[in-house]
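Here are my notes for you, written as numbered points. Keep the model open next to them and look up each residue as you go.

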Amino acid sequence: MPREVLLLRREEVGRVLDMASCIDAVEAAFAAYSQGRAELPSVIHLDVPEHQGEIHVKAGHLHGVPHYAVKVASGFYEADLPAIDGLVLVFDATTGAPEAFLLDDGLITDVRTGAAGGVAARYLAPSTVGRVAIAGTGQQARQQLEALACVRPGFGSVAVWGRNPERVQSCVEDLRVRSWLPEGCLVEGAETVQAALEGADVVLTCTASREPLVRAEWLAPSVHVTAIGSDGADKQELDVGVLGGADLVVVDGRTQATAIGELHHAVNAGRLLPEDTVELGEIVAGERVGRTDDHQRTVCDLTGIGVQDVAAAAVVLERARSLGLGETLRL
């Protein structure tokens, strides 16, 4: 009997995967993970050093969900602009048969990574956010800010820093015309990281930095910091003092963050122990508390875990089928 697989491309994935829905799906996935209701193998990292390429393979299964997913995401940085690509393979959880090929060019990774930042901000950002600082000018600068706008929609100014002034200006101009940007919000570039951080209530770092960019003394006492760039053991955006001096340090997955995240560097420097952290899913599930007042300094270290891809793929698959999107392949 011939088998059929649904094929969806980037445009179709983009039609059905919105940020608000992805935030809710990823939030539920974090809770399931921290409560032991998910299967999550270690990440496979593959480097192509001669072309400044890095590939991550992540997989996951949420108990009770009728499928599991395997995601391959790549970034090649030799060109003037990063070439981000990838696909998600969805399989039937009862038989292991392939169910869908999501040829999304990395879109699911982009949105679900932004969505994780949205979940973090929902539980950890101050109740009122006035100024936002962003380190980074790539796709995640857009995704993280959109996710923040979903859960803290009233911010009035955004400062963007990046190493390349032309990319900073391009990012600023792009953000200014986004439909989800709060009305009247001022978006401008910053010449230095320190200048961008000045007075910020929320700091979003989304770079591929191999050395610390953010220092604790540059941060406001009640700031929330979400760092997403440290998805490899050699990457680091935050000085270890940022984590060591925080009132609350939250991670998406404690084991993974101890191996490759900002937490990894703080633990190696003796500034923090893994057990000093809280998993985001523990907060979502009500087992631990997030920010309890607007005077705390909070940090969230997001390394990216496979259940996020499963959650986002489930949203895509359900909606695409209901709309009759995609192409059916006979295997």
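The points below go from the whole chain to single strands and turns.

1. Ground rules first. This is a predicted model, where local features need pLDDT of at least 70, side-chain atom pairs count only at pLDDT 80 or more, and totals for chains, interfaces and linings use all residues. Residues are numbered from 1 along each chain as its sequence is written, and side-chain values use heavy atoms, with hydrogens and water left out.

2. The overall build. The protein chain has eleven helices and 16 strands; these are DSSP runs numbered from the N terminus, with helices being H or I of at least four residues and strands being E of at least two. Its radius of gyration is 19 Å, close to the 20 Å that the globule rule gives for 331 residues, so the chain is as compact as a globular protein of that length. (That radius is taken over C-alpha atoms, and the rule is 2.2 Å times the number of residues to the power 0.38.) Along its principal axes, the C-alpha trace spans about 65 × 40 × 40 Å.

3. How much of the protein chain is buried? Buried residues make up 57% of the 331, where buried means under 20% relative accessible area, exposed over 50%, and partly exposed in between (1.4 Å probe, protein chains only). Take the contacts between residues at least 6 apart in sequence: 72% of them join residues at least 24 apart, with contact meaning heavy atoms within 4.5 Å.

4. Eight strands form an open sheet in the order 10-9-8-11-12-15-13-14, with parallel pairing; two strands pair if DSSP finds at least two bridges between them. Strand 10 (186-189) and strand 14 (278-279) stand at the edges with a single partner strand each, so one side of each has no neighbour in the sheet. Look also at strand 8 (residues 131-135) and strand 9 (residues 157-161), which run parallel and are joined by five bridges. There you can find Val132 opposite Val158 of strand 9.

5. Strand 4 and its partners. Is strand 4 mostly covered or mostly open? Mostly covered: nine of its ten residues are buried. Strand 2 (residues 38-39) pairs with strand 4 in the antiparallel sense over two bridges, and Glu39 has His61 of strand 4 as its bridge partner. Strand 3 is also antiparallel to strand 4, over five bridges, with Ile44 partnered by Val57 in strand 4. Then eight bridges join strand 4 to strand 5 (residues 67-76), again antiparallel, and Lys58 stands opposite Lys71 in strand 5.

6. Two hairpins to check. Strand 3 and strand 4 form a hairpin with four residues between them. Which residue in that turn has a positive phi? Gln52 does, at about 50 degrees, although Gln52 is not a glycine. At 46% relative accessibility, Gln52 counts as partly exposed. The hairpin of strand 4 and strand 5 also has four residues between its strands, and there Gly64 takes a positive phi near 90 degrees.

7. One more backbone angle. Asp105 sits in the loop between strand 7 (98-103) and helix 3 (107-124). Asp105 has a positive phi of about 55 degrees and is not a glycine. With 38% relative accessibility, Asp105 counts as partly exposed.
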